[in-house]
Amino acid sequence: MNPFSSGTRLRDMIRAVRACKTAAEERAVIRKECAAIRAAISENDQDYRHRNLAKLMFIHMLGYPTHFGQMECLKLIAAAGFPEKRIGYLGLMLLLDERQEVLMLVTNSLKQDLNHSNQYIVGLALCALGNICSAEMARDLAPEVERLLQFRDPNIRKKAALCSIRIIKKVPDLAENFLNAAASLLKEKHHGVLITGVQLCTDLCRVSEEALEYFRKKCTESMVKLLKEVVNSPYMPEYDIAGIADPFLHIRLLRFLRVLGQGDADASDLMNDILAQVATKTESNKNAGNAILYECVETIMSIEDNSGLRVLAINILGRFLSNRDNNIRYVALNMLMKAITVDGQAVQRHRVTILECVKDNDASIRKRALELVYLLVNDTNVMPLVKELIEYLEVSDQDFKGELTAKICSIVEKFSPEKIWYIDQMLKVLSEAGNFVKAEVWHALIVVISNASDLHGYTVRSLYRAFQTSSEQESLVQVAVWCIGEYGEMLVNNVGMLNIEDPITVTESDAVDIIEIAIKRHSSDLTTQAMCLIALLKLSCRFPSCSQRIQEIIVQLKGSLLLELQQRSIEFSSIIEKHQNIRSTLVERMPVLDEATYSGKRAGSLPATGPTSNAASLNLPNGVAKPSAAPLIDLLDLSSDDVPAPSSSGGDFLQDLLGVDLSQAASLSGTSQAPKSGTDVLLDLLSIGSPPAQSSTSTADILSPGQDNTSVSTLQRISSPSSLSAQGSSPAQAAPMMDLLDGFSSSLPVAGNGLTYPSIVAFESNSLRINFDFSKTPGNPQATLIQAKFSNSSPNVYTDFIFQAAVPKFLQLHLDPASGNTLPASGNGSITQSLRVTNNQHGKKPLVMRIRIAYKVNGKDTLEEGQINNFPRDL
Amino acid sequence: MEVVKSMSQKTLSASESDIGSVVSMVDRMAGMMDCKKALLESGGDIIHFVLLISRQGKVRLTKWYSPYSQKERTKVIRELSGVILTRGPKLCNFVEWRGYKIIYKRYASLYFCMCIDQDDNELEVLEMIHHYVEILDRYFGSVCELDLIFNFHKAYYILDELLLAGELQESSKKTVARLIAAQDSLVETAKEQATIISNMIGQATK
């Protein structure tokens, strides 16, 4: 005999493991045992196989790998004796799961054992099948199980019934085979068979409409009768629990009746009496009785309406809710959530108690209660409820704050009766738990603030106060920084004072202090710091006395390792230093953000597109081919003067500002060429699309108040760089302008021209003009060769002329070297450069391009930027 | 740009998780209004797994009625011992976990845990746990943790007579005890026979 395999007994091994003082010792013991077992396996040792498997199971429970023992289970199952099979099946269920291929090998043994003459072996096989069978095994062995539903011993019938449940869940098509046998189980007297039979019928009804009809017609009455018998049965010691005869059977019968009664008035009628009896007569001082009541309430709530019964049910829940046992209160809250759709009024009556449960020290109860409160809120009770919740927010556990905050914000947003209340509550939440507030929640707050013009002063002062006490809450800081940037002068001058406010004195430098604190906090993230920089830029204009100090703060970030901050810092300091003349126009207050668009986008982006489209737009910063152009996107609104911010709705601005593009291409509705929302991402990101004409008119006005032009011409100047040329003379250039205003629908003279395309004026500023000529290589429709021609109509020569271009991901761009870097004055010459563009989405998406031109005039750097979306179609 | 990208990703995932919660909320609301549909779709009141964990976090019994890979099993056990063992004594016996509910009850040094769906009857499962404990108690004669360590297979056999496919199989403690006793005696008889035979072989080969 093998010297290892005689080894230790199971008991000794367990002792040895328990005697281990350290994990290392335990590992050593296990290693030794496993080695012995492996040796025994390879010697095909028979005598100790069952002992070895028992050891393996113990080792498995300790968390060590035991896959090498899987085949031993099969061998034991294939053995003839009961003891071997018993341990073999146990090992099979413990060491294997239904996904393992090895399992297929056991099907044959199972089949034999299901037909075995020893009923205990049949029982073992049924048990294993019921616990781990896969769909294939279910198909193979269903006939055996079906036959065993009529086995002489009730203990096999009950096992077969539960096994059938597993089979019909795996293969619902098999349901009808079990119908008759299942129905006959309902007539039995043995409780085990009844419990499992009722369960099987319930599950049959769930997978098969036919079965439901069948049982509803044939069994509703007899089940009501059976429940009546069970409820009224005399004391049965074998099944008695806390004075109730077999609560498990009670519950299963109630559940079955629920399935039968749902959606069927006649069946529901039949069970009314017995449900009333159960609801009124069941003892509720023990858990078993409460479990029955609980099930009964659920059945009453689910079957067809009977107002009398429902009152009874709600009363039971009310009693549960005031119970001192936490378990009972928990299930009461759970069930009230279901009851709220049935009888909201009745649930409202328990509001005070439920609100108390939100403050319970049991996390499970708190969570249930909070969800219930969330469903209870309506227009009339929102103010007191939110007040309570916010008060509780101050004292609640840290780990509950996140959930609580999310719910409060959601309630406040949904039910706020007026803006000032909304702003007040949000500020309270932000100062209490700002770190838990999600980004879109405070984005929404900013949109609301921006729209409440009469509350700007009030809000910025409240935020100033809140900042003093709660500067550790990130999102509060962000909102405060944004508001101080926008409405700083209102803070200082106490503009728009409301009666309810206490006056405060804030100097200009106090306001700058706040931003400086925020920007220098270690905990501030990139978003906050970036927002601070913008706020500072805005304040530098509004508070001339602090301009010097602001510039010093901004300059400090020039060396920031974060590219975003570095760029902002450099660009902003140059605006402060060199562009005094345009600065005030540049940092005008942000136009009112469009509430409807923002909320529409928020709502729209939720169900329709989900994560994929978000991910797509996320990639955008990378999709721009030239890295140099990429940062422009974020800065678009502030640093480029010929492409002002409000070319699209405010929501976009906010997104751009934060470098997040949640927005869909909703604003592109006019662009017939833009396919589905969210796909034409570049346009969206550049926010140039085609905003509703009205809104751009108004925003254009806001942006350029100094100009006396009519708003229409402002619009033209702003929204289409090429419109000037249209005003000029050349008739060919009228088309692009039309194009910009009407979207892409206007017809260009493309048709019939084969592979030739009209030239366009791609860009035109005061003096600089770029023409594009197109040509295509036959046989390669995706590729386009663009000949760019630059000309300069100003009296000055442009030197160090550099043209850069960037395209979205679906395009590939190759720039050839330009013909020169000096552009002669007064149109006396030009530079040409060829570009090759490959459109991977040819025919689906039009070309788009973003360009930047840098040159020197009299030694002074000049930068011009723009985007071209008036390319001919079909390129 | 890297930074901006990573930041957006963070914000985005936050908004995604929020979408998830909204969707699940919508689902739940829909389920309430159309219970029947929900019932048809859900697996319907089964116990997904049974765990016995000692106060020190040692696993004493695991039984899986829904498919979990070995890896998931380890993870579930680790996660749940963290949640359950840290709960205070007077709190309710239910923990919501990954969209399921864990019903647990502590008996001396052992926690008996069962995992069920959201809509199942928590109180009944609590009763089932007690039912199991009573049967164990009757079988071992005032059961203690050591009994379950050294005779873990017996605990499994008893559980297999009580639950099958995640459903309750027998509500009579007496019946379970009788069935277990009958099978134990089958094993005993087989053992005795094996001893007799090996003795006979031993004598014959002497």
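The residues that line the second largest cavity of this predicted model divide into 7 nonpolar, 2 polar and 4 charged, where Ala, Val, Leu, Ile, Met, Phe, Trp, Tyr, Cys and Pro count as nonpolar, Asp, Glu, Lys and Arg as charged, and the others, Gly among them, as polar. A cavity is here a set of points, on a 1 Å grid over the protein atoms alone, where a 1.4 Å probe fits but cannot get out, and lining residues have an atom within 4 Å of such a point. The second largest cavity has a volume of about 110 Å³, a volume being the space filled by probe spheres set on the points. Of its 13 lining residues, the closest to the centre are A:Leu124, A:Cys127, B:Tyr157, B:Asp160 and B:Gln183. Helices α5 (82–95) and α7 (119–132) of chain A and helices α6 (152–162) and α7 (173–204) of chain B each supply at least two residues of this lining, and α5(A) gives the most, with 4 residues. Helices (H or I, at least four residues) and strands (E, at least two) are DSSP runs, numbered from the N terminus.

Residues are numbered from 1 along each chain as its sequence is written, while chains are lettered from A and ligands numbered from 1 in the order in which they are written. Since this is a predicted model, local features need pLDDT of at least 70 and side-chain atom pairs count only at pLDDT 80 or more, whereas totals for chains, interfaces and linings use all residues; side-chain values use heavy atoms, with hydrogens and water left out.

In chain A, 3 strands form an open antiparallel sheet in the order β6-β9-β10. Because β6 (798–806) and β10 (860–868) of chain A stand at the edges, each with a single partner strand, one side of each is left without a neighbour in the sheet. β6(A) pairs with β9 (residues 849–857) of chain A over 7 bridges.

How values were computed
Pairing = 2+ DSSP bridges. 1 Å grid on protein atoms, 1.4 Å probe; cavity = no way out; pocket = protein on both sides within 12 Å on 5 of 7 lines; lining within 4 Å.
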